[in-house]
Each structure stands twice: as structure tokens, then as C-alpha cells.
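Subject: Structure for your review

Dear colleague,

Please find below the sequence and structure that I am handing over to you. My notes on the findings follow directly after it.

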Amino acid sequence: MAKTQVRTLFRKGVWEENPVFRQILGICSALAVTNLMTNTLIMGLGLIFVTAMSSATVSALRKITPERIRMMVQVLIIASYVMMVDIFLKAYLPDISEALGPYVGLIITNCIIMGRCEGFARNNPVWPAFLDGIASGVGYALVLLIIATVRELLGFGTLFGKPLMPSTWVPWTIMIMAPAGFFMLAVFIWIAYTLEHKKTQGKP
């Protein structure tokens, strides 16, 4: 696979077709887990793993999967990888598993994964499908981490649990509540589209 094709896949997954701020997919978990950087990072890594492996598996089985039951097969594949992530977190990171609660299991219903399986993986070879899954997962994780950086810093005065703000800092309680997730996502989308608009206007 040419390097230009790899760059195109990642450019689309991270920016041009970013699943969160371009397609507004997977925002339930984006709003729920972004009050702490650690939880956000683990959630992002989990989604990257599930998206990449599900896309690769769907692609590998695309020629032998009957058309009429392909959606059920895709859900089974996604659920299998989500269970692996859930079992791993419960075994090795029980505190984070408890903090993430049902949102790990809800990765199964994340529209990003099903969208990449249905829209790309079932029509492309395994390796491009695997890279496309990684790119979409990275795009999702980056947006969540940016939002989590602001929410944890202003809401707790910390990053990854390490205090960064002065002792006189008064935490913004609203930033650790769900409405702040909506607000930060809206601000992120506004900034992203403003930058895109300026870039487009600057072209001859």
C-alpha cells in the first residue's frame, strides 16, 4: 500500500471525515468520559483497538459473509472485541473499569465502528481496512483528549491526576458535569469549522 494512500486514510480519519466533529458520531461517550484525562485515554485506546480489529475482521470475512446477515455478523465481531477490552480492564485496570462503567460495553453500539465496517471495511482489503479503523479511532481519541484537557484542568485543576493549578485556584464544578461536555464539544466544532473556513477563503 502506497504511503500516499496511508496518509490519505489518516488525514480523512483525523480531520476531513473526523467521526466526532464532522459526522457527530459517538458523542455519548465523548460527553460522558471526558472529565478525566486518564479515563478518556483508556476509552480512546479501547475504541481504536475495537475499530481497527473489527474493520480488519469484517474485511477478511467479506467474501464469505452472506449479504442478508452481514449486519448481525458485524455486531458479533464488534461485540467480541469489546468483550476483550472489558475483560482486560476488569483484570488489569479495575479502578478505571469501574469509573468508565457501562460506557465500555456501549462501544458495541458506537456508530463510528459500525460505520467504518459498513462503509469501508466490507468493500476494501484487510490492511487498508485495518488502517482506516486506526485512523477513525485516532480521530475520535484526539477530540476527546482535547476536550478532556480543558475539562479536567478547569474542573479539578489537574492533568492525569497531577495538580497543575495554583493552590488558590477555585475549581469550576460545571466543567466536570455533563453540560460542560456539550459546551466544550460545541466550542471545539466552532473552532474547527472557523479554521477550515479561513483556510478555504485563503485559497485562490
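This is a predicted model: local features need pLDDT of at least 70, side-chain atom pairs count only at pLDDT 80 or more; totals for chains, interfaces and linings use all residues.

R116 and D132 are both buried. The side chains of R116 and D132 form a salt bridge, with N and O at 2.9 Å. Because R116 belongs to helix α6 and D132 to helix α7, the pair ties together parts that are 16 residues apart in sequence.

How many salt bridges does a search of the whole structure find? The search finds seven. One of them joins R70 to E118, whose closest N and O atoms are 2.6 Å apart. R70 lies in helix α4 (residues 70-92) and E118 in helix α6 (residues 111-119), so this pair ties together parts that are 48 residues apart in sequence. R70 and E118 also belong to a network of salt bridges that links them with E67 and R122.

A further salt bridge is made by the side chains of E16 and R11, at 2.9 Å from N to O. E16 is partly exposed, with a relative accessible area of 38%. R11 is likewise partly exposed, with a relative accessible area of 42%.

**Packing of helices α1 and α7**

Two packed helices are described by the distance between their axes and the angle between them. For helix α1 (residues 3-16) and helix α7 (residues 126-156), the axes come within 7 Å and cross at roughly 35°. This crossing of α1 and α7 is right-handed.

Which residues of α1 meet α7? They are V6, L9, F10, G13 and V14.

**Nonpolar side chains**

L41, L45 and F160 make a nonpolar surface patch of about 260 Å². F160 is placed in the loop between β1 (158-159) and β2 (162-163). F160 counts as partly exposed because its relative accessibility is 41%, which falls between the limits of 20% for buried and 50% for exposed.

V187 is found in helix α8 (residues 178-202). At 25% relative accessibility, V187 counts as partly exposed. The C-alpha atoms of V187 and I147 are separated by 9.4 Å, and these two residues are 40 residues apart along the chain.

With kind regards

Definitions and conventions:
Residues are numbered from 1 along each chain as its sequence is written. Side-chain values use heavy atoms; hydrogens and water are left out. Patches are made of residues with over 30% relative accessible area and no salt bridge: like charges are joined within 9 Å, nonpolar side chains (Val, Leu, Ile, Met, Phe, Trp, Tyr) within 5 Å. Accessible areas come from the Shrake-Rupley method with a 1.4 Å probe; for residues, only the protein chains shown count as cover. A salt bridge is a side-chain nitrogen of Lys or Arg within 4 Å of a carboxyl oxygen of Asp or Glu. Helices (H or I, at least four residues) and strands (E, at least two) are DSSP runs, numbered from the N terminus. Buried means under 20% relative accessible area, exposed over 50%, partly exposed in between (1.4 Å probe, protein chains only). Axes are lines fitted to C-alpha atoms, for helices over the stretch in contact, and angles run from 0 to 180 degrees between N-to-C directions. A crossing is left-handed if the near helix is turned anticlockwise from the far one by less than a right angle, and right-handed if clockwise. Contact means heavy atoms within 4.5 Å.
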